[in-house]
Amino acid sequence: MTENRSGAADPLDSLRSTVAFSSLDWAGAGDTAWIYGIICGWDCEIDHRHDDVCGGQEAIEDLARQHDWTPARVTRLRALRTRWLELHANSESREMHDLAAARTAVAKMTTRHRELEAENIALLARLAFSESGDHR
Ligand SMILES: [Zn+2]
């Protein structure tokens with residue numbers, strides 16, 4: 001989804017899901033391959049021993065040949081991808097922070113609600129006592 005838990009729109013997540021689920025051939029043109037490389041990444045990002053199935057870093061090397069990307073340009077694309085992941089992690093941790101703050105606020109309101117209920121019961125008891133006192 002493109003909304004976080006608090007219901008606010010998450011533009012990074014919207015971009016990621018749009019690109020990830022698009023039927024466009026992102027590798028076909030240099031500019032779309034660049035965009036895909038930042039948002040989704042061409043390298044295998046699983047922490048494991050890369051093999052023929054995951055492809056490791058082969059895709060970006062093929063694209064570099066196909067679109068005449070210099071090694072410096074490939075390095076820049078990988079740096080942008082890393083920065084994207086950091087930004088997304090920050091937006092998720094901010095979301096978690098907001099969620100924790102909301103839970104604290106709810107807990108405080110619940111406590112205050114219980115205090116007010118107790119005061120209300122005490123006031124009603126006093127009122128009932130004074131009313132019963134009027135009917136002597
Ligand atoms: Zn791999």
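Leaving out neighbours within four places in sequence, Trp69 is in contact with Leu63, Ala64 and Val74 (contact means C-beta atoms, placed from the backbone, within 7 Å). Keep in mind that this is a predicted model, where local features need pLDDT of at least 70, side-chain atom pairs count only at pLDDT 80 or more, and totals for chains, interfaces and linings use all residues. Residues are numbered from 1 along each chain as its sequence is written.

**The core**
- Trp69 also belongs to the largest nonpolar core, together with Trp26, Ala33, Tyr36, Trp42 and Leu63.
- Such a core is a set of buried Ala, Val, Leu, Ile, Met, Phe, Trp, Tyr and Cys residues joined through C-beta atoms within 7 Å; buried means 20 or more other C-beta atoms within 10 Å of a residue's own, exposed 12 or fewer, and partly exposed in between.

**Two helices**
- Helix 1 (residues 11-20) and helix 2 (residues 30-39) pack at about 125 degrees, their axes 10 Å apart; helices are DSSP runs (H or I) of at least four residues, and axes are lines fitted to C-alpha atoms over the stretch in contact, with angles from 0 to 180 degrees between N-to-C directions.
- That makes helix 1 oblique to helix 2 (under 35 degrees is roughly parallel, over 145 roughly antiparallel, 65 to 115 roughly perpendicular, and the rest oblique).
- Leu15, Arg16 and Val19 in helix 1 meet Ile35, Tyr36 and Ile39 in helix 2.

**Ile39**
- Ile39 has 19 C-beta neighbours inside 10 Å, so it counts as partly exposed.
- Not counting residues up to four places away in sequence, Ile39 touches Leu15, Arg16, Val19 and Trp84.

Methods. Two residues are in contact if their C-beta atoms, placed from the backbone, lie within 7 Å.
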